[in-house]
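Good morning, and thank you for coming.

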Amino acid sequence: MSQTAGSAVSTLFSHGRLTAIPRRAARREQLLTHLAETLFVPGRRYTEAEVNDALRTVHDDCAALRRYLVIAGLLERDRDGSGYCRTVPVPA
């Protein structure tokens, strides 16, 4: 994430907590990338409870954040819903 994107994301937080989930797609994408990079290790499997616990450290609506991360392709969800894995970015 670029320094500009990082500072833009930091404005979304107060005292380490996300103040609101951005409505604008570009801003939300910056946030989701930040959360994926800081909360989840690429290739590691997580249970839904582990994902929820990690997301709750920044915002109470962990279900929305989890859903947005999956839709954005930053987390992959097992077909049966039992686990999640942070996707490994493809080098450009």
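Of the 92 residues of the protein, what percentage count as buried? The figure is 35%, where buried means under 20% relative accessible area, with a 1.4 Å probe and protein chains only.

This is a predicted model, in which local features need pLDDT of at least 70 and side-chain atom pairs count only at pLDDT 80 or more, while totals for chains, interfaces and linings use all residues. Residues are numbered from 1 along each chain as its sequence is written, and side-chain values use heavy atoms, with hydrogens and water left out.

The protein has 4 helices and 5 strands, taken as DSSP runs (H or I, at least four residues, for helices; E, at least two, for strands) and numbered from the N terminus. Their order from the N terminus is α-β-β-α-β-α-α-β-β.

I turn to two helices. The axes of H2 (residues 25-39) and H4 (residues 62-71) come within 10 Å and cross at roughly 95°; these axes are lines fitted to C-alpha atoms over the stretch in contact, with angles from 0 to 180 degrees between N-to-C directions. The two helices are therefore roughly perpendicular, a term covering 65 to 115 degrees. Arg 28, Leu 31, Leu 32, Leu 35 and Ala 36 of H2 make the contact with Leu 65, Tyr 68 and Leu 69 of H4, contact meaning heavy atoms within 4.5 Å.

Finally, the charged end of Arg 28 sits over the ring of Tyr 68, 4.6 Å from its centre; this requires CZ of Arg, or NZ of Lys, within 6 Å of the ring centre and within 35 degrees of the ring normal. The charged end of Arg 67 also sits over the Tyr 68 ring, 5.8 Å from its centre.

Terms used. Parallel < 35°, antiparallel > 145°, perpendicular 65-115°, else oblique. Buried < 20%, exposed > 50% of the residue type's maximum accessible area, 1.4 Å probe, protein only.
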